[in-house]
Amino acid sequence: MPNSLDLNQLAADIKVWGRELGFQQVGITDIDLGDAEIRLKEWLAKGYNGTMEWMAAHDNKRSRPADLVPGTVRVISVRMDYLPGDTQQIKILKDPTKAYISRYTLGRDYHKLIRKRLSVLAKQIDDALPADYPKQHEWLNRAFVDSAPVMERPLAEKAGLGWSGKHTLIINSNAGSWFFLGEILTFLPLPVDQSEQPNQCGACSACLKVCPTDAFPQPYELDARRCISYLTIENKGTIPLEFREPIGNRIFGCDDCQAICPWNKYAQFTGETDFLPRHGLADSDLVTLFNWSEAEYLKNTEGSAIRRIGYEGWLRNIAIGLGNAPSDATIIAALNAKRPTVSALVQEHIDWALGQQAKPNYRRKRKIQNTSRAIQS
Ligand code: SF4
Ligand code: SF4
């Protein structure tokens, strides 16, 4: 190795550059994910991944970064806050006429922004290498964000970004859990961070209790098939009847297990304008969104992760929300007007919603979760 490369100094520089690029924290870890690999295999064996076959499709590449990108010896893990200010989260969740959309996706799709920033960071690292540094690989440093083949949470935990909470997300004792993760896989033998945060969940089990669909078989284990994020985003087919009332007005994802977590009183609002709500998505009526034409849906979700579910998934999810809203002539008219124009899948969910609307309000037990306090700044 050339004498002119000071890896300690480079690691310190990477952290400064990362902060300058808008990441709130940068950590460096080795690539030993042996424990996580065992847990992943047990989890997959239970079928908890549902139809997310990509989670099992990469052999050991997910838990062995050097199998994914040969030559990798370290992972640089970063986090970026995304909570876009006070979005009246609890108020929206408790108003059955409103549409609740997971707070990470109210603005532009985060993948592009974070991948771009990580690519800049990777280039800065490349540029810092001496001219005689051996570059035996066609790649130098590779950036990933929320990518199928990378186990980003165990890597973030090892890199000191936080601990894995009972809800399976990473919590930081100074910043809560409302942040995105990203990684750079590198061949540079940088010094690793030794500051893993101890697990501070203690006796708390608020996230396990608040889950509307009982998606946690036990602490630290999620049955994705029962999670509203999976049901409304990853699942492309029918939403099973048992989950329709508990879904309430959550039309894209769910944040309840994060919203209830006491550590999120330390969460900071994002400074990224790209993550700010667009097209009134933080506070829209269900009927208004349901009445969007496909052209309006495509226009208003341009550049947003909401595009992932397509117009059919959008209508399917909102139909459930409308079925859970108080009986109302406007809602019934909107459901009936849309029905002839949509697929059999959406029609079936509309029929369910109309059946719900026909019931007296007192008979419909909407399982609104009493997420007890507003998110604090
Ligand atoms: S996101 Fe919602 S449905 Fe999924 S585990 Fe958390 S509380 Fe349960
Ligand atoms: S709600 Fe409690 S148990 Fe759940 S992740 Fe937060 S601190 Fe841990």
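These questions and answers go through a predicted model.

Colleague: Is Ala45 buried or exposed?
Modeller: Ala45 lies in helix α2, residues 34-45. Its relative accessible area is 69%. A residue counts as exposed over 50%. Therefore Ala45 is exposed.

Colleague: What separation do the C-alpha atoms of Ala45 and Tyr133 have?
Modeller: Along the chain, Ala45 and Tyr133 are 88 residues apart.

Colleague: How many residues of strand β7 are buried?
Modeller: In a regular strand, side chains alternate between the two faces of the sheet. On one side of β7, Phe179, Leu181, Glu183 and Leu185 are buried. On the other, Phe180, Gly182, Ile184 and Thr186 are buried too. The count for β7 is 8 of 8.

Colleague: Which residue in β7 does Arg79 stand opposite?
Modeller: Strand β2, residues 74-81, runs antiparallel to β7. The two strands are joined by 8 bridges. Arg79 stands opposite Leu181.

Colleague: How many nonpolar residues does the shell around ligand 1 have?
Modeller: The residues around ligand 1 include Cys211, Pro212, Phe216, Leu222 and Ile228. Asp256 and Thr213 are also among them. By class, 1 is polar and 1 is charged. The nonpolar count is 9.

Colleague: How many charged residues are in the shell around ligand 2?
Modeller: Ligand 2 is surrounded by residues including Cys201, Cys204, Cys207 and Cys261. Lys166, His167 and Trp263 are also among them. The shell divides into 7 nonpolar and 2 polar residues, and the charged count is 1.

Note on methods: Residues numbered from 1 in each chain as written. Chains lettered and ligands numbered in written order. Predicted model: local features only at pLDDT ≥ 70, side-chain atom pairs only at ≥ 80, totals over all residues. Heavy atoms only, no water. Near = heavy atom within 4 Å. Nonpolar A, V, L, I, M, F, W, Y, C, P; charged D, E, K, R; others polar. Helix = DSSP H or I, 4+ residues; strand = E, 2+ residues; numbered from the N terminus. Buried < 20%, exposed > 50% of the residue type's maximum accessible area, 1.4 Å probe, protein only. Pairing = 2+ DSSP bridges.
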